[in-house]
Amino acid sequence: MADSLIAACCAAALVLLARSVLGLRRAGGTDPSAEARSVTLALYGGAVAVVTLGLFITLT
């Protein structure tokens, strides 16, 4: 159970970070709101990654 939870959190973090990278590549510095959305996704991805690390340390 814990392994699948950690795997799901890792996948969610990777998806958020990948979407932010793609968004930043597409924005190209012309639209500040698009960059802000990408940075927000990157922050959410980082937060999910930190929570996943905490779960991993706590549960193993």
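Arg19 is found in helix H1, where helices (H or I, at least four residues) and strands (E, at least two) are DSSP runs numbered from the N terminus. The structure is a predicted model, in which local features need pLDDT of at least 70 and side-chain atom pairs count only at pLDDT 80 or more, while totals for chains, interfaces and linings use all residues. Residues are numbered from 1 along each chain as its sequence is written, and side-chain values use heavy atoms, with hydrogens and water left out. At a relative accessibility of 53%, Arg19 counts as exposed, the terms being buried for under 20% relative accessible area, exposed for over 50%, and partly exposed in between (1.4 Å probe, protein chains only). Between Arg19 and Thr30, which are 11 residues apart in sequence, the C-alpha to C-alpha separation in space is 18 Å.

The protein chain as a whole contains 2 helices and 0 strands. Its C-alpha atoms fill a box of roughly 45 × 15 × 10 Å when this is taken along the principal axes. The radius of gyration of the protein chain is 14 Å, whereas a compact globule of 60 residues would have a value near 10 Å; this radius is taken over C-alpha atoms, and the globule rule is 2.2 Å times the number of residues to the power 0.38. Of the 60 residues in the protein chain, 17% are buried. The accessible surface of the protein chain comes to about 4,300 Å², and 72% of that surface belongs to carbon and sulfur atoms, with accessible areas taken from the Shrake-Rupley method with a 1.4 Å probe and, for residues, only the protein chains shown counting as cover. When contacts (heavy atoms within 4.5 Å) in the protein chain are considered between residues at least 6 apart in sequence, 62% of them join residues at least 24 apart.

Helix H2 covers residues 32-59, and Thr52 lies in it. At 1.5 Å a residue, the 28 residues of H2 should span 40 Å, and this agrees with its end C-alpha atoms, which are 40 Å apart; the expected span of a helix is 1.5 Å times one less than its number of residues. The buried residues of H2 are Ala34, Ser38, Gly45 and Thr52. Of these, Ser38 has a relative accessible area of 4% and is therefore buried. Not counting residues up to four places away in sequence, Ser38 touches Ser20, Gly23 and Leu24.

Thr52 counts as buried because its relative accessibility is 5%. A polar atom of the side chain of Thr52 lies 2.7 Å from the backbone oxygen of Val48. With residues up to four places away in sequence left out, Thr52 touches Ile6, Cys9 and Cys10. Ile6 has its place in helix H1 and, with a relative accessible area of 11%, is buried. Although Ile6 and Thr52 are 46 residues apart along the chain, their C-alpha atoms are separated by 6.1 Å. Leaving aside neighbours within four places in sequence, Ile6 is in contact with Leu55 and Phe56 as well as with Thr52.

Ala7 is placed in helix H1, which covers residues 2-27. The relative accessible area of Ala7 is 45%, so this residue is partly exposed. The C-alpha atoms of Ala7 and Phe56 are separated by 9.9 Å, the two residues being 49 residues apart along the chain.

The cysteines were also examined for disulfides, a disulfide being a pair of cysteine sulfur atoms within 2.5 Å. A search of the whole structure finds 0 disulfides. Cys9 is in no disulfide, and the nearest cysteine sulfur, that of Cys10, is 7.2 Å away. Likewise, Cys10 is in no disulfide, its nearest cysteine sulfur being that of Cys9 at 7.2 Å. With a relative accessible area of 18%, Cys9 is buried, whereas Cys10, at 37%, is partly exposed.

Conventions. Polar contact = N/O pair within 3.5 Å; in protein donor to acceptor, adjacent residues only side chain to side chain.
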